[in-house]
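User: Please take a close look at one loop of this model. Where does it sit, and what is its backbone like? Then link it to other parts of the chain.

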Amino acid sequence: MRVDQFSVPVPAVFSLTQAVCSYGFFTQAPNAWQWQANGTGKLATLQRRLLTSVDNNFAVVIQQPVGLADCTPTVSVQLDRPAEQHEVQNLKSQVCRMLRLDSAEQQKVLDFQQLHTTARAEGFGSLFRSPTVWEDLIKSVLLCNCGWSRTLAMNQALCAAVGGGSFPSPAMLVHAGVQRLQSQCGLGYRAKTLLKLAVQVVDGEVDLASLEDPGLSAEDLYRRLMRLPGVGPFTAANMLQLLGHYSRIACDSETVRHLHKLHKLTACTMANVQQQAQQVYAKYAPFQFLAYWHELWRDYEVLVGPFADVDPQCYPLLTGHNMQKAAASGGASALLATSINPVPQPRVAPHSLPAAAQASCSSPSQQCNEAMHTTVLDAQLDSMTGTAQDMLQESKPRLQSGSGPVCGAVGSDSADHLQPFPWQDAAQPCSLQQQAQQNAREDRARHSQCSLSDAPVDVVARRTSLQGRVPVPNSRSQGEVPLKKHAHKAAQAKRRMCSNKDRLSEASRHKSVRRSSRLQEQAKAAV
């Protein structure tokens, strides 16, 4: 029997809002979080597309009434069209994975809350993740060496250009190829890494399903992850918590900032942050990451308010750097007030959703306040300088492969690549690239001046043209007029060089004569 809606059982006290808006992946495409109105109040709503096969996906709307008092022991799932029973089972398992509804994960949440009374009182402990291990892994790699706004843009482009609205499968990435991933999705050097990983998954060399084996210890799983293309120490540690292992903290520069601010560990640096963080949260073992994330996430919400209420158009601004600046200017708590041009964020197309959900699928009209003006420009600048960052990354040696900002640590940087702290200038890589280009031009100009006397006439002309940034056509195929013009300039330069050489030779000869005379006079005086 084909159905277009079904329900998923949840624990007695379960909040869809807390389960989704607990981790930064909920802001990335193809996820789209929003509030919807019903007859008695609001509905917490998560919309996205889910793949059931390579060529088949469904637009799903996951909903629950707002407020713990009104919570039902199920969440409803609406589909854009009827699905077969085997497709419904597939979709249901993906929804359960996103919300961590299996009994093992729920037991871990209860055990953590026994150690952390504040988390128990707030109902905190279940962190949002993707419907598949593949999506979690790719999103983790896409956080590498770029700002948060560009991470959002790359995910959006992947879903739109490759996945057909859903997050692309390994086979879809293999079919797309490197050139398409770079040109249409803006992945830069990441395209080769992701394609290599996708090929290994498609060929069966990598079994991602085996990573969810409950019999694997955290240490064994960490070693397996480290062998995957694009995965370094940070990404491996972050994948551990996405797979249900919380003993290792995924540390980055945002962790350093947090320990400086909240725990006054001024001696904490990128070199010792892992050791420092493990010591601070050791009393919550084996759930150190959950304790750390609770502190960090609540610290962010002090600055911007509940993440569930943040306008999706402002997601690119949600970095530790931007929120600290906005807090200093007194405007971080008003993210939903009026501001300037927003940065667009992907949403599920209304025509692909059930009719009941189409009315409220349009993007909210609220925008960020004027105190966030600078941060909007920062987000836009980060996207524009992404290519320069990629060029710099490709030109320098990689200390570790992969890894990037903590998945959802909203814009923090990775320890794997010695990235600048988030409060440093986002435009710096662009300046470095421009400086490198200028240095290269100067080197070529100096080399050309030194070798003009020995170069053939047509080579001399082209080199002289390069110094003046004027293209010169090949004289053999396009005539002698441009060649004669630039050869004349080259001849002048050669004469100047010869003249300078003659003057230097004459000066050296006079100096030698004076020195010889001086030595003769000294010899006569000695006699």
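**A close look at one loop**

Alanine 29 sits in the loop between helix H1 (16-20) and strand E2 (32-37). Helices (H or I, at least four residues) and strands (E, at least two) are DSSP runs, numbered from the N terminus.

The model is predicted, so local features need pLDDT of at least 70, side-chain atom pairs count only at pLDDT 80 or more, and totals for chains, interfaces and linings use all residues. Residues are numbered from 1 along each chain as its sequence is written, and side-chain values use heavy atoms, leaving out hydrogens and water.

Is alanine 29 buried or exposed? Alanine 29 counts as buried because its relative accessibility is 3%. The cut-offs: buried is under 20% relative accessible area, exposed is over 50%, and partly exposed lies in between (1.4 Å probe, protein chains only).

Serine 166 is 137 residues away in sequence, yet the C-alpha to C-alpha distance is 8.3 Å.

Now the backbone. The bond between alanine 29 and proline 30 is a cis peptide bond, with omega about 5°. Proline 30 belongs to the loop between H1 and E2. For background, most peptide bonds are trans, and most residues other than glycine have a negative phi.

There is another cis bond to look at. It runs from alanine 285 to proline 286, with omega near 5°. Proline 286 is in the loop between helix H12 (273-280) and H13.

Next, positive phi. Arginine 100 has phi near 50°, and this residue is not glycine. Its loop lies between helix H2 (85-99) and helix H3 (103-115). Arginine 100 is buried because its relative accessible area is 1%.

Lysine 264 has a positive phi too, near 55°. Find lysine 264 in the loop between helix H11 (253-263) and H12. Lysine 264 is exposed because its relative accessible area is 62%.

Last, the core. The largest nonpolar core has 109 residues, and Trp33 and Leu225 touch the most other members. Helix H13 (residues 288-304) gives the largest share of this core, 10 residues. A nonpolar core is a set of buried Ala, Val, Leu, Ile, Met, Phe, Trp, Tyr and Cys residues joined through side-chain atoms within 4.5 Å.
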